[in-house]
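User: I am new to protein models and would like to learn how to read one. Please take me through some features one at a time.

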Amino acid sequence: MKASGHELTGLVFNIQKFAIQDGPGIRTTVFMKGCPLRCPWCSNPEGMGSAPEIMPSERKCIACKQCLEACASDAISFRAGIREIDWALCSGCLACAEVCPSRALEAVGEYKTVDETLRIVERDRDFYETSGGGVTVSGGEALLQWEFVRDLLKKCQQAGLHTALDTTGYCAWESMQQVLRHTDLVLFDVKHTDPDRHRVKTGVPNDQILRNLEGAASMTKVWLRVPIVRGFNDSEPNMHSTAELAVRVGAEKVSLLPCHHWARDKYRRLGRCYESEAAVGGAEPNGQMLSRWQEILCSHGLAFGVGN
Ligand code: SF4
Ligand code: SF4
């Protein structure tokens with residue numbers, strides 16, 4: 001996040017239209033760049049870093065070598081006609097993406113003002129009105145740029161749009177509180193209720209997250225979002241304690257989000273290791289596991305959804 005003249009800008013890496021898995025109805029989801037967690041199953045690795053970066057595609061490259069000329073860091077080379085990036089040398093300046101004629105070097109992350117973002121979101125107002133949808137701000141962790149998110153959601157509400165925030169919950173309460181004043185619904189991630197398991201796999205403790213969840217639930221409507229990761233959070237005790245937590249905070253619904261390996265190629269394109277299989281086991285959640293989660297949520301009297 002930075003100030004452009006007098007205007008605050010936010011670093012956005014995607015604006016997804018017609019999103020149907022980020023809250024009620026048809027929505028536009030604004031993805032903010034940067035996240036303090038390092039969940040190995042993350043399906044948006046391009047949202048982790050807090051600065052713009054490139055995501056190359058070999059398939060689109062026509063080997064014109066304009067990127068080679070543009071790169072002042074000598075991070076680009078060609079071997080047997082194939083473009084290669086030395087990630088240790090890449091500064092993320094985006095000069096190569098600017099000259100590439102075939103969009104084979106995608107720039108991930110663009111600074112936008114609140115009003116620019118609002119204008120894009122407002123284009124689909126008719127769809128929100130007919131479907132009961134609205135705008136969702138997600139990430140990354142959107143609250144790393146909480147001032148931008150606060151201003152955006154405030155303006156969306158003033159424009160009569162339903163607002164939702166999708167958050168890991170890992171942030172200072174004071175920032176979250178300011179954003180929640182303009183948030184109709186929080187999609188609050190609960191990855192694991194056990195502090196040690198949470199810290200080992202996500203890189204951060206869950207005590208503040210759970211405190212923030214209590215605070216959020218006292219201010220606005222909450223849907224708990226649980227990524228279902230085999231070998232990580234699928235034990236019966238964790239399923240029950242997650243359900244008990246949802247009951248305690250009065251969550252309107254629990255969304256079960258089965259994790260998959262579809263993002264593997266994005267990690268490779270970003271020059272990163274895909275560690276999900278090694279960290280939590282290769283298997284994706286099966287129907288039996290989802291059924292067990294659903295039985296447990298039902299036994300606690302909770303409403304639930306799969307994927308949203
Ligand atoms: S982002 Fe900048 S440093 Fe990195 S490869 Fe492209 S031109 Fe070179
Ligand atoms: S500028 Fe784009 S198309 Fe040309 S060689 Fe570089 S990546 Fe490939």
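The dialogue below covers domains, helix packing and backbone geometry.

Analyst: This is a predicted model, in which local features need pLDDT of at least 70 and side-chain atom pairs count only at pLDDT 80 or more, while totals for chains, interfaces and linings use all residues. Residues are numbered from 1 along each chain as its sequence is written, chains are lettered from A and ligands numbered from 1 in the order in which they are written, and side-chain values use heavy atoms, with hydrogens and water left out.

User: Which domains does the assignment give?

Analyst: Domain bounds come from an automatic or database domain assignment. Here that assignment gives domain 1 (2-50 + 109-306) and domain 2 (53-107). Their C-alpha centres lie 32 Å apart. Ten residues from domain 1 and nine residues from domain 2 take part in the contact, where contact means heavy atoms within 4.5 Å.

User: How much area do domain 1 and domain 2 bury between them?

Analyst: The size of an interface is often given as the accessible area lost when the parts come together. Buried area is taken with a 1.4 Å probe and summed over both parts. Domain 1 and domain 2 bury about 790 Å², and 45% of that is on carbon and sulfur atoms. On the domain 1 side, Gly-109, Arg-269 and Leu-270 lose the most area to domain 2, together 65% of what that side buries.

User: At what angle do helix 5 and helix 6 pack?

Analyst: Two packed helices are described by the angle between their axes and the distance between the axes. Helices (H or I, at least four residues) and strands (E, at least two) are DSSP runs, numbered from the N terminus. Axes are lines fitted to C-alpha atoms, for helices over the stretch in contact, and angles run from 0 to 180 degrees between N-to-C directions. Helix 5 (residues 146-158) and helix 6 (residues 173-180) pack at about 15 degrees, with axes 8 Å apart. The two helices are therefore roughly parallel; angles under 35 degrees count as roughly parallel, over 145 as roughly antiparallel, 65 to 115 as roughly perpendicular and the rest as oblique.

User: Which residues of helix 5 and helix 6 meet?

Analyst: Trp-146, Val-149, Arg-150 and Leu-153 of helix 5 meet Ser-175, Gln-178 and Val-179 of helix 6. By class, this contact has four nonpolar, two polar and one charged residues. Ala, Val, Leu, Ile, Met, Phe, Trp, Tyr, Cys and Pro count as nonpolar, Asp, Glu, Lys and Arg as charged, and the others, Gly among them, as polar.

User: How are helix 9 and helix 12 placed relative to each other?

Analyst: Helix 9 (residues 236-249) and helix 12 (residues 287-299) pack at an angle of about 40 degrees, with their axes 9 Å apart. They are therefore oblique to each other. Among the residues in contact are Met-239 and His-240 of helix 9 and Trp-293 and Ile-296 of helix 12. The contact residues divide into six nonpolar, three polar and two charged.

User: Where is there a cis peptide bond, and which residue other than glycine has a positive phi?

Analyst: Most residues other than glycine have a negative phi, and most peptide bonds are trans. In this model a cis peptide bond joins Gly-139 and Gly-140, with omega about 15 degrees. Gly-140 is in the loop between strand 9 (134-138) and helix 5. Phe-18 has a positive phi, near 55 degrees, and lies in strand 2 (residues 7-19).

Conventions. Buried area = accessible area lost by both parts, 1.4 Å probe.
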